[in-house]
Amino acid sequence: MSGAGELKREQDYLLGARAALARMREQTLSLKVQAHDPISAEHLARTLHLRAASLQDDPTTTLFFGRVDTDADERWYIGRRHVADDHGDPLVIDWRAGMSTAFYRASRTEPMGVVLRRRFGLDRGTITAYEDEHLQDRAEHDVRSRILAEEIERPRVGPMRDIVATIQPEQDEIVRAGAEQTICVQGAPGTGKTAVGLHRAAWLLYAFRDRLSRSGVLVIGPNRAFLEHIGAVLPALGEVAVGHTTIEELVASVPVRASDPTEAAVLKGDARLAEVLRRAVWSQVGEATEALVVPRGSRRWRVPAHDVNELLAELRQRGVRYDAARQMLPQRLAHAVLLQMERAGDSPDDRVQDAVARSTAVKKYAAQLWPTLDARAVLHSLLSDAAELARHSEGLLSDEERRILLWDKPPRTKGAARWSGADAVLLDELADHLQRTPSLGHVVLDEAQDLSPMQLRAVGRRCSTGAATVLGDIAQGTTPWATDSWEESLAHLGKPGSHVEVLDRGFRVPASVIEYAARLLPRMAAGLGAPVSVRENPGRLDVMATGADEVLRQVVATVAAETLEPGSIGVIAPDAMVQGVSEALRDNGIDHGVLGADHGDIDHQVDVVPATVAKGLEFDRVVVVEPAAIADAEPDERTGLRRLYVVLTRAVSALTVVHSQPLPAELHHEPAAV
């Protein structure tokens, strides 16, 4: 069959698959909920709603992007979701199915039974081209896929897209790692680590749906702008029930109304604080100095203090949380009373033990030994009372560190306290000592290099019986407590010894951009290998030096020229310059959005982005304003250069640097004429 004829046949097959998907959705919507009780009815209705949502067709995309023909005379079309005909036979198989693995991993050296692999060129829901690889034909040689390159470099406006059509073999191995396996991905800019993590979540939900639909999957990102940027990926893959949150929202048990000095914030994030808090909680358990006396009828039953202390020691050693042990104590005391009754010749049963446990004498005695605690009251006491802090931090903190932690002007009560973000993490730790934090089935943690040990512990509690996918890049660590070791971070997460996978082949960032940014690596991340762009298109890099009075004019002119081409444009500026840049664009009629840590934007071609919000985002073309000011805004040189490295690697196709201040020495570059 001719190329044109084959293309039409594939397009007709796509139309047939679309019609079948529409019938599947109509059938789901036509189902009536029948249940014996309202709770079951609500559950079934929600299940049907989610099923119908997952079957919603998107006419701007195609249902499949590839095809494999096997040496067993089988032909499979690979797409974003399973589509079946009226007889239940598959027209399209889900990219997550086991049979799809060969599409991503088959090679000439290991064809995995694949005779032909076909990739489709797509445009707004229509098949426009195809490329074939005959993997078992020795006369045919590997040729770089034009369709694959065009898909990776395709301009975008709006949120992140899925990468199911372009997943590489090394990425696919991470995506399909076992459900019990925690895996850490050290990924350089443009390696697709975030997309890999999201696709791993989608694959896990497909392969282990019953388990994970009950226990839950959560994605944790650095800020709301980032979460809005990635928020469309999982729904596009048919997964609409995955939670998205930030670390701040995860531990938000109190309003955050204060900020800590850097030295205090770093110290509050130190893992040693976990032991300080543990001591502060469990030291509240008292020691019996008097016997328990329980009047019952004409008798008074007595449990000696040393027996009570043995019960207290047993409860402390059980490994249960403080509140759970506190609730057990009355029953343990009542049981000791029953033993006294039995030795006296009585025959008490469980009802008698329950009555004794509920008696005023036992409840009052137990409450004195094991008081009710409130996390805020415990932390308020620690940060207000020097003697209390010293008692619980002996051998852990220095006198100077205690001084740093203590409030200068302690609030009179826990209700009057103005808690900081670091305090909220400590309160989360305390709350877990009191009551066990429920565990999810899987957590995807992105930009993990920026989390403190105490923040990592908070995340680890949410997957204590599950697993995690940890994503990040040590070179992009921009907090004062950013990690230099994934092994240490994984230990704080409660997943020591987990596998660390390195992704260093850049698919999204062009060579000219990544090589320019990588000049910073030896100074701010010594020993970390430089990423390598594998794209044929080197991209475009322009460095424009101008006078201080001309910076905004040059930014406006550059952005205006960039808007003539399709694709997203990010204007990344020092936080202090964001308002001025936005006003300059507005005054010149350039429509744009302004991103913030608490909100994103998916509606504009142009976005103004504070440098502190840029992490994890990407744009087709990026204009960076005053790199030196971006670096100088951070508390130290290492953090400043890492922030700049993040900013410089947000471009998919082109990077323009506009500056009047001298560039960092590592970035000296022949400036373009202005």
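Predicted model: local features only at pLDDT ≥ 70, side-chain atom pairs only at ≥ 80, totals over all residues.

Visitor: OK, so where does arginine 119 fall, buried or exposed?

Guide: Arginine 119 counts as buried, because its relative accessibility is 12%, under the 20% cut-off. You'll find arginine 119 in strand β5.

Visitor: And what does arginine 119 touch?

Guide: Leaving out residues up to four places away in sequence, its contacts include Phe65, Phe103, Tyr130, Glu131, Glu133 and Ser145.

Visitor: Tell me about the sheet. What's the strand order?

Guide: It's an open sheet of 6 strands, in the order β3-β4-β2-β1-β5-β6, and the pairing is mixed. The edge strands are β3 (83-84) and β6 (126-134), each of which pairs on one side only.

Visitor: How many bridges join β3 to β4?

Guide: There are 2 bridges, and the two strands run antiparallel. Valine 83 has valine 92 in β4 as its bridge partner.

Visitor: Which helix lies across those strands?

Guide: That's α1, residues 3-30, which lies across β1, β2, β3, β4, β5 and β6. Relative to β6, α1 runs at about 115°. From its first C-alpha to its last, α1 reaches 41 Å with 28 residues, close to the 40 Å expected.

Visitor: Which residues of α1 are buried?

Guide: Among them are Leu14, Ala17, Leu21 and Met24, but also Glu6, Glu10 and Arg18.

Visitor: Switching to aromatics. How many aromatic pairs are there?

Guide: A search of the whole structure turns up 12 aromatic pairs. In one of them, phenylalanine 103 and tyrosine 104 have ring centres 5.2 Å apart and planes at 80°, so the pair is edge-to-face.

Visitor: Which residues do ring pairs link into a cluster?

Guide: Tyr13, Phe64, Tyr77 and Phe120.

Visitor: What lies over the face of tyrosine 130?

Guide: Arginine 118 does, at 4.2 Å from the ring centre.

Visitor: Let's jump to α20. How many of its residues are buried?

Guide: 12 of its 14 residues are buried, so α20 is largely enclosed by the rest of the structure. The buried ones include Asp423, Asp428, Glu429 and His433, along with Val425 and Leu426.

Visitor: What do they pack against?

Guide: The buried residues of α20 pack against α10, α11, α12, α14, α17 and α21. As for its span, α20 (residues 421-434) reaches 20 Å from first C-alpha to last, close to the 20 Å expected.

Visitor: What about glutamate 447?

Guide: Glutamate 447 has a positive phi as well, of about 55°, and is not a glycine. You'll see glutamate 447 in the loop between β12 (442-445) and α21.

Visitor: Is glutamate 447 buried or exposed?

Guide: Buried, with a relative accessible area of 3%. Aspartate 73, by contrast, counts as exposed.

How values were computed:
Residues numbered from 1 in each chain as written. Heavy atoms only, no water. Phe/Tyr/Trp six-rings, centres within 6.5 Å; stacked < 30°, edge-to-face > 60°. Lys NZ or Arg CZ within 6 Å of the ring centre and 35° of its normal. Pairing = 2+ DSSP bridges. Helix = DSSP H or I, 4+ residues; strand = E, 2+ residues; numbered from the N terminus. Contact = heavy atoms within 4.5 Å. Axes fitted to C-alpha atoms, helices over the stretch in contact; angles between N-to-C directions. Expected span 1.5 Å × (residues − 1). Buried < 20%, exposed > 50% of the residue type's maximum accessible area, 1.4 Å probe, protein only.
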